[in-house]
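Subject: Handover of a structure, with notes on side-chain contacts

Hello,

Please find the structure below. My notes on its charged and aromatic pairs follow.

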Amino acid sequence: MPFGGGNKCGCCQKTVYFAEEVQCEGKSWHKSCFLCMVCKKNLDSTTVAVHVDEIYCKSCYGKKYGPKGYGFGGGAGTLSMDTGEGLGIKPEAQAPHRPTNNPNNSKFAQKPGGSDLCPRCGKTVYAAEKVIGGGNSWHKGCFRCAKCGKGLESTTLADRDGEIYCKGCYAKSFGPKGFGFGQGAGALAHSQ
């Protein structure tokens, strides 16, 4: 223990007294300094992840130092918009979003030879990349809102006329209109 009453905090480098001390990896921290370095959430012994002299919550640690690539999402239903440019990875050019313009909504007209066709891109959907929603089989990459392009899950979509939408775009496009159905609680829209 250095002269001055206590160890130095791993964050602010000020003296840490016994009543406010949290220890981690042989270092002392103030309770108020024991925060994730990215999202600033309070940490404890079950939620802390250490990298060299930095402390993170397990979620931020996984995003920063965990495995990257296909199949390593942050959990069920997460969508990462990180292209990896900060790590020197060249992003792939993504195909532009195209809403479905399939005039034949019959499921049977879309299954030549017993295989499913994606309503968005018209290509065959194989079992490894198949997502079912709105009564059709979709590629994981095509399973997006027809209006805004947001990635969907089978539990968060709304479908209409063979097309799929996020709940927000569906409500804006097909929900009730008129007085009392504004943008939010108590909102009154005024247009000139």
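The count of salt bridges comes to three, where a salt bridge is a side-chain nitrogen of Lys or Arg within 4 Å of a carboxyl oxygen of Asp or Glu. Two points on the basis. This is a predicted model, so local features need pLDDT of at least 70 and side-chain atom pairs count only at pLDDT 80 or more, while totals for chains, interfaces and linings use all residues. Residues are numbered from 1 along each chain as its sequence is written, and side-chain values use heavy atoms, with hydrogens and water left out.

Salt bridges

R120 and E163 meet through their side chains, at 2.4 Å from N to O. R120 sits in the loop between β7 and β8 (124-125) and E163 in strand β12 (residues 163-166), so this pair ties together parts that are 43 residues apart in sequence. Strands here are DSSP runs of E, at least two residues long, numbered from the N terminus. R120 is buried, at 8% relative accessible area. E163 is buried too, at 6%. For these labels, buried means under 20% relative accessible area, exposed over 50%, and partly exposed in between (1.4 Å probe, protein chains only).

D116 bridges to K130, with the closest N and O atoms 2.8 Å apart. The pair links distant parts of the chain: D116 is in strand β7 (residues 116-117) and K130 in strand β9 (residues 130-133), 14 residues apart. D116 is buried at 13%. K130 is partly exposed at 34%.

D53 pairs with K27, and their closest N and O atoms are 2.8 Å apart. D53 lies in the loop between β5 (48-51) and β6 (54-57), K27 in strand β4 (residues 27-30), and 26 residues separate them. Both ends are partly exposed: D53 has a relative accessibility of 45%, and K27 has 32%.

Aromatic pairs

The structure holds six aromatic pairs. Rings of Phe, Tyr and Trp (its six-membered ring) pair if their centres lie within 6.5 Å; planes under 30 degrees apart count as stacked, over 60 as edge-to-face and the rest as tilted. One of the pairs is Y56 with Y61, which is tilted, at 6.4 Å centre to centre and 55° between the planes. Y56 is buried, with 1% relative accessibility. Y61 is partly exposed at 27%. Elsewhere, Y165, Y170 and F174 form one aromatic cluster.

Best wishes

Methods: Helix = DSSP H or I, 4+ residues; strand = E, 2+ residues; numbered from the N terminus.
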